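I opened this entry to work through the sheets, a helix pair and the salt bridges. My notes follow in the order I looked things up.

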Amino acid sequence: MKIENISEGQIIKNYKALCSELEIEFKKGGSRKAQLQDLERYFKYHKDGHSFIITEIYEEPIEKIDGRGRSEGSRGNNNIYGQDIQFLVADLLVRQEEKHISISRTQLLKQVNMVNENYGECSRRVKELASMYKIEPYMIWDFYNTSNSSFKSAVETALKNLHSKRLLWYKDIVKVGLTDGSHRDATYDDLDKINHYELLALEDTPFETIEEVPMTKHWKPFKDKVSKLLKEHTNIKYYYNAYFISVEQEYLEKERDKLKQYILEEEKRNNYKAELNDKVQDHLYKNANKRHDNVLNTTSKMWEVRNKIEYPNKMNQLIGLLIDDEQDNISLLLNEYINQQITDMNIDGLDELFIG
């Protein structure tokens with residue numbers, strides 16, 4: 001590491017540039033968090049969005065302290081994320097011209113910077129992602145199911161907390177993507193059809209509830225049958241879970257000052273988003289390692305995947321690709337790759353594994 005390459009007062013545009021200046025390895029996921037904590041022994045900095053502003057360089061490195069046992073690592077994901085999400089969701093709401101927002105969980109996660117733009121796209125392109133990055137498809141499946149469960153809990157806790165202050169109210173809804181490319185909220189008739197076709201597809205599985213189907217070999221046939229029936233009898237191409245979030249107009253006008261405290265200045269907003277993204281990466285990486293370390297004590301159907309020696313590194317790779325907000329959009333790379341490789345691919349049916 002070349003500390004002499006940086007100076008007090010220097011502004012370094014992002015983490016990648018910092019690694020380049022110091023001539024150290026560029027890391028992703030939880031490894032980055034540990035590296036940045038270690039760098040604080042050598043110099044002091046503060047962040048402005050993604051930028052690092054060097055404020056002091058120490059003559060002697062600070063003694064390394066074992067961080068085990070600190071309370072943050074032991075807290076649940078709701079406490080880790082909750083306050084940041086509340087601020088950013090409220091900020092998003094106040095800055096909208098419309099009083100109502102209809103938004104999918106993945107879109108909301110992207111808006112508050114918990115995932116990057118690859119997260120939703122790659123959930124529908126598991127085969128390509130698996131082949132291009134040499135990651136076992138079931139590991140990607142496990143990543144999406146575990147991360148989505150964590151995100152759902154964190155987002156809904158934040159929404160409930162904001163609702164308890166009567167700053168908003170929300171409800172779960174279903175949205176549909178139509179064959180003409182448009183999207184809309186599902187009507188009661190749409191919901192009746194979706195429910196009926198899911199019931200028919202469920203009869204082809206050995207399970208009594210839909211919650212039992214994911215992470216089994218029956219998931220893909222189940223999804224395929226529902227999609228086939230919808231295309232045959234409706235103009236619905238696919239459907240997904242979303243949130244309807246609202247502040248009543250009269251309340252918004254009368255209580256504007258209460259909401260104004262949540263309007264973040266641009267610099268503060270960027271800092272919140274950058275910090276939240278770092279927290280998400282760190283939390284997912286720690287949980288992946290726990291799943292790997294405790295695999296023999298679990299009854300999960302994924303234990304064979306989680307027991308593999310490469311599991312933590314592959315999870316860290318996925319965190320970098322799908323969560324890290326400094327990761328480039330890989331859609332074009334996937335398109336180029338699949339155009340070259342599609343005839344050689346032999347991974348069977350894992351293109352719709354993301355559970356909404």
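Which residue in strand 7 stands opposite Asp 172? I looked it up: Tyr 243 faces Asp 172 there. I note here that the model is a predicted one.

Strand 5 and strand 7 (residues 236-246) are antiparallel and share ten bridges. Both belong to an open sheet of four strands, in the order 4-7-5-6, with antiparallel pairing. I checked the edges next. They are strand 4 (100-104) and strand 6 (183-185), and each of these pairs on one side only.

Then I followed strand 5 to its other neighbour. Strand 5 (residues 169-178) pairs with strand 6 over three bridges, again in the antiparallel sense. I picked out two facing pairs. Lys 175 stands opposite Asp 185 in strand 6. Gly 177 stands opposite His 183 in strand 6.

What links strand 5 and strand 6? I found a hairpin with four residues between the strands. Gly 181 in this hairpin takes a positive phi near 95 degrees.

How many bridges join strand 2 to strand 3? I read off six, with strand 3 spanning residues 51-57 and the two strands running antiparallel. For facing residues I noted two cases. Lys 44 stands opposite Glu 56 in strand 3. Lys 47 has Phe 52 of strand 3 as its bridge partner.

Strand 2 and strand 3 form a hairpin with two residues between them. Gly 49 sits in that turn and has a positive phi of about 65 degrees.

**Helix 9 and helix 10**

Next I took the helix pair. Helix 9 covers residues 188-202 and helix 10 covers residues 219-233. Their axes come within 9 Å and cross at roughly 135 degrees. Helix 9 and helix 10 are therefore oblique to each other. The crossing is right-handed.

I listed who makes the contact. Helix 9 supplies Lys 193, Ile 194, Tyr 197, Glu 198, Leu 200, Ala 201 and Leu 202. Helix 10 supplies Phe 222, Lys 225, Val 226, Leu 229, Leu 230 and His 233. By class, I have nine nonpolar, one polar and three charged residues in this contact.

**Salt bridges**

I finished with the salt bridges. How many does the structure hold? The total is 17. I followed up one of them, where the side chains of Asp 324 and Arg 32 meet at 2.5 Å, N to O.

Terms used. Residues are numbered from 1 along each chain as its sequence is written. This is a predicted model: local features need pLDDT of at least 70, side-chain atom pairs count only at pLDDT 80 or more; totals for chains, interfaces and linings use all residues. Side-chain values use heavy atoms; hydrogens and water are left out. Axes are lines fitted to C-alpha atoms, for helices over the stretch in contact, and angles run from 0 to 180 degrees between N-to-C directions. Angles under 35 degrees count as roughly parallel, over 145 as roughly antiparallel, 65 to 115 as roughly perpendicular and the rest as oblique. A crossing is left-handed if the near helix is turned anticlockwise from the far one by less than a right angle, and right-handed if clockwise. Contact means heavy atoms within 4.5 Å. Ala, Val, Leu, Ile, Met, Phe, Trp, Tyr, Cys and Pro count as nonpolar, Asp, Glu, Lys and Arg as charged, and the others, Gly among them, as polar. Two strands pair if DSSP finds at least two bridges between them. A salt bridge is a side-chain nitrogen of Lys or Arg within 4 Å of a carboxyl oxygen of Asp or Glu.
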